Every structure is written in structure tokens, then in C-alpha cells.
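User: I'd like to learn how to read a few local features in a model like this one. Can we start with side-chain contacts?

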Amino acid sequence: MGSDRPGRPHIVHVAPRDLVGRPRPSAPPSAALLPGAVAALALLAVVVPVPDDWALAFGTAHWMVRVFAAAAVAVLAWGLASPNAAVVAALLAALGAISGFGEYLSDDPSGRDTAPLAAGLCCTAATLLCLPLVKRTDPWLGLDTAPLRSGRALRRRARRLGVLALVGALLGGLLGTGAFLFAYERRTEYGPKPPHTESQPVPDAERDKGAAEEDADLPRTLAREAWHRTFPNPVGLSVCGDGRRDADRETYGTGDAAGIRGTLVSVESASPGSAVFGLDAATGRSRWRFTVRDPGGVQQVAVSEGCAVLVIHGVWLTVLDSYDGSVRGRSELPGTGMLGQPDRWRFITSAAQGDHPPQVVTLPAAQLAYVGSPGSGVLAVDRKDAAIVGRVAERDSYCRYLVHQGSPGDPGTLVISGCAEGQFSVLDLAEPPRADSSLDLPPLLAGRRIELTVPPPRACVEGWTATSLDVTHRRVLTVEDECGSGRTWVGDIGLEYGRTAPVTWTSAPVVPSTSAVPPGRPGIVSGLNAVLLLPAPDGIRLIGRDERKGHDLYRLRKGETASSIVAFTPPQVDIYREAYFLVLTDAGRIGLLRQEFAETRSRTRLVEQGDLKAPQVPCPGTGTLWRDRASGTVLAVCGRTSTTVRALRP
């Protein structure tokens, strides 16, 4: 240290030197790319800007992620990207990445927001880019080596560093955009995937081949077996007109007269997944196929009149047109169960399905269908397009539901059991209200009448549940082994306003083999004058309006037991004066019965119309009959898990 003037020291600047004594150079200008990129990535994690059409699916990151990212930028700027500042900024960015990934992974897998994942990726990239800054020991501007009198060189270097920092910010923005795109693609992967399905409908040129113009007449004989086949799963029959032309006529007032066709529907395995397929009920020939390629395949199928086949697969419900197999619509079923798995949705029918519901069930012709799950309650679904139009207020997860719909426009009556021991309730539903787009859930279905709580018969034990019902005539019918040793109970529950009379219960013996009616298929039918026909050990029991004394018994041939009764209405028949039934016995005989008014306790009687001379194949306890009114074909179904179908024709 020296002095040119007395009393004033002369400061000599010595450039930093390396280990061998050479002057240490300033930081290379390209290093200025790193602070700019880190700042851009961290700011993207703070702001998370996305296009408007992404906003609903993208969501927002937690405030903690944004705080850590903003703090990293602030520390790096305050410390002028020094090594110490880079260390703190890297730690803050790493904490932001951990927070973002943690929020993303803890979200519901069925609908994860992807903003936390995008913010976590940006913070991770910022952390990695801070590492070279931590190791940097060279000065940014090189003030120790640049002559103080040379301001031009200093300004040139500062401008160069600023441009490189801006370029680094742009590169960081590109990295952040890539992170956003990657995160948005994960929204499809981890959210509800669109189902992997394949639809093979009937070609337009073949849609109407074999369709009938009107219902078939009364069968005189069923001596010819048109076809037979064994299916690995249950089957269902849908008889309806051309759904497409029906819809045109209803909506626009146009369209030709629709043909009538019967379609037999079942499910079979596919590799991978499973397939729903439709056969011509008259010929047994394949018409259409709907394949679900997802590993879970098809959970349950509901077959109904009105050309609707409803399919639950994964978290989706798809409606097919049974006439040609085309897809009418699809909806996502809400809710998740334990361990993030989707709720176990099943169709609600008029018969209990037990702990192991069948893969195929039948539904009546109605606008609405109902699905239920223990975790999410009951939803109403429009069969035209699979739209979810209403829901029933949530109840206990132990509740079990049955539903009856007396006509296509009837919203239905729910019978709810299992919520409280020793009783069940009846809820007569109203039309679903208009959906409110501001609600996340469909609107609640209101009751047309006050919900009724109905006590069970005195002989029944606690925990009694209804297993089948018919509330068309204000009755609930149950079949319960624990309730009177396999007897059928009939109760008049009086749904009218101001009910004051107690519930009247009566019982009738039920056939032991049919006391466990095949799931989803109630074994009791309604006949003329609201008389109920029940299979009995010694024939068919008729229960009139006065249950206590309005019983009659129609005896079949000696040793025969009714296995299945099916009602049908032939053309040109006065439904107010007579009704017709086909009866299948355990021995395999098929008979035709006519119900008419008579002076009996039930006010009606059954009259045999002759033996239809069908080939007899015994099917004790599991036999069911269906009639294709389009072709007059009668389907004799035998079995529960694997099903054998015989198609009988005149």
C-alpha cells in the first residue's frame, strides 16, 4: 500500500488468482441462462396460467406450493444468484416440488387436478438448475479484473448478461410448458378413462329383416323346437318396435310404422373384457355385439322393453338399442369406495338380487331405470340417453332397495329395507325435476306422497327384508325363508293419503324349489281384477283383494308344480274381461290358461286352454318362460348361472 499524496493511502486492486497464480476469469456469460430459467420455472409454479378450456380439468395448486416457489425466486434475486442464495433457492424449490407431488398423489384418483403435478414438475426443474449455480465460484461481472476506467466494457458485459438471462427465462418457460402438457396428459391417465369399447350394430340394410308388423296371435301348439343353445350367463328378452323410428315419430311426428322384434340378450367373455350380444329370438341368429375391452369387463346388464339394454361397465353406464345394438348414450357413475376403487353399482329391480347379483336382470318398460350402490345411494337414469336425471337422498349403507314401475311413465315406487331392524318403508317417487347446472349432483327425487314406514308380519324375525314386490295395486309381496318357513306374505300397505287402517298381512305356502326365485325374476304375477297368481306346491294360488279370505287354488295335473307363470295379452282380447297365462311345470310341460270372472272367493278362476304339446324337458326349480310377442316364439329357460334356452314355435 503506497501514497502519492501525504496522508492519503493508495489502494491497489489485485485480481483474484487461481491455484497456480494466474488471474481467475469472471463467470462465463452462458451461466446467466440458469438464473433466468430458474426464475421462469418458479414463477410458472406460482401463477399456473392455463387456457380457459383447460381450467376445469386443470384445477389449482395448493398455496404452500406457490409460497415455496415464490420464496425461491425472491432469495435467488436478493442474493444475485450467489452460491449461498442458490443453495437456499434449491431447498425452497425442492420443498415446493414435494408439496406439489404430495397434493397430486393424495387426491382422488378418479378425478385428480393436474395443477399440483405441473407445479411440482416446474419446482423440480428449478431445483436441478440451481445445482450448477451452487458450484459456481466466479464473479458475474468480473469487477475485480475489469479496469474501473473502462465503463464501456462493463456496460457491454452487463447487457450481454441481461440478454442471456432473458433467453434463459424463455427456455425456462418452454420447460414449464412441457411440464404443463405432460401434467395435462396425466389427467387422462389418472382420471376417469373413457371406456375402451367396440360396437357392432346391425347394418342399416338388415335392420328390419324378419321384423313383424303386429303382435302374434294365441299359440295353438308349440311342438317344434326352432333352436336351442346353452349360454354361460343368464339371459334377458327385449321385445319392442324400431326404436329409431319410434323416436322420430314421438319427436317430429314423422316416421313409418315401426316393426316389432324380439331380441335375446346375454353376456360372454372376450379377451380382454367381456361382450354383450343380441340374438334374434325367433331364429337364434346373432344380430349385434357390444364389447368392453377394459379388464373389468361388464359388471351387470339390464334388459327391458322399450328397446333399452343398459350396461354397467367400470364407472360407466351405457344404453344400447336392443333393436339394432346401436349406442344411445353413456354416463359416468359417481362415487368411489374403499381404497379409491369405484362404487359397486347395480341395477335395482322388483326382486332382491342377494349378495351375488346375476350378470343379467330384467326391467319393465319405463322411462327411468334405477341403479344403487352401498356408498352412493340411488340414481335415476333416463333410458333414452343414459343421462342421470335424479337421485334419492342418501341413507345408511346397509339399506336395500326394490322398485316397481306400473307403466312406462311411472317414475316408480321404492321399497327400502335393511335400514332399521324389523321394518321397511315405501317411497312413491315423483317426476324428476329439471336439472340445475349449478349443482354438482343431480337433483333429489321428491316423493309424491309421505314416505310410509311399514311393520313386517308378526311372525317375521328381526332383520326381515322384502325380496320381491308388486305395488301396482298397493301391495308388497315378499318371499322370505326366515319368515314362516318359506311362505309368501302379501300385505296391503294402503298408499293413499290419510291411511289409518293397519297393514293387513296374510301368507300362502310357496313351492320349496321356487322359494328362492332366480334373482331379479319375481315369481308372482298380477292378473285380472288385481288378483295375484302365486306358484304353490299343489298348483297356482289366486289371492284376491281381500287377502284374508280371498284365496283360490287352481290345481295342475297330478304331481305337477308350477315353476314359472308368464302373462301376455293376445291381439283383440278385452283385457278387462279375460287374461291369458303360460305356465311351465317342473316336469317341463307348458300349458295355456285363461283367467275369467267367476263366483269364487277371489272373484276369478283359471280355465285350461289345452296342452301346447311342447317337448318336455324337466327343469325343477329354475325354469322360466318368456314369450316373443313379435314372432310368437316361446323361450323355455332353464338354469341360473349357465342357462339353456329352447325356442318353441307352432
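This is a predicted model: local features need pLDDT of at least 70, side-chain atom pairs count only at pLDDT 80 or more; totals for chains, interfaces and linings use all residues.

User: Where does Arg383 sit, and what is the nearest side chain of opposite charge?

Analyst: Arg383 is in the loop between strand 16 (377-382) and strand 17 (388-392). The residue is buried but has no salt bridge, and the nearest side chain of opposite charge is Asp382, 7.5 Å away. A salt bridge would need a nitrogen-to-oxygen distance within 4 Å.

User: Okay, helices next. How do I read a packed pair?

Analyst: Two packed helices are described by the angle between their axes and the distance between those axes. Here, helix 4 (residues 83-106) packs on helix 5 (residues 115-135) at about 160°, with the axes 7 Å apart. So helix 4 is roughly antiparallel to helix 5. Their crossing is left-handed.

User: And which phi value does Gln572 have, and is the residue buried or exposed?

Analyst: Gln572 has a positive phi of about 60°, although it is not a glycine. Gln572 counts as exposed because its relative accessibility is 85%. You'll find Gln572 in the loop between strand 29 (562-568) and strand 30 (578-585).

User: What about Lys613?

Analyst: Lys613, not a glycine either, has a positive phi of about 55°. Lys613 belongs to the loop between strand 32 (604-611) and strand 33 (623-627), and at 60% relative accessibility Lys613 counts as exposed.

Key: Residues are numbered from 1 along each chain as its sequence is written. Side-chain values use heavy atoms; hydrogens and water are left out. Helices (H or I, at least four residues) and strands (E, at least two) are DSSP runs, numbered from the N terminus. Buried means under 20% relative accessible area, exposed over 50%, partly exposed in between (1.4 Å probe, protein chains only). Lys and Arg count as positive and Asp and Glu as negative; His and the chain ends are not counted. Axes are lines fitted to C-alpha atoms, for helices over the stretch in contact, and angles run from 0 to 180 degrees between N-to-C directions. Angles under 35 degrees count as roughly parallel, over 145 as roughly antiparallel, 65 to 115 as roughly perpendicular and the rest as oblique. A crossing is left-handed if the near helix is turned anticlockwise from the far one by less than a right angle, and right-handed if clockwise.
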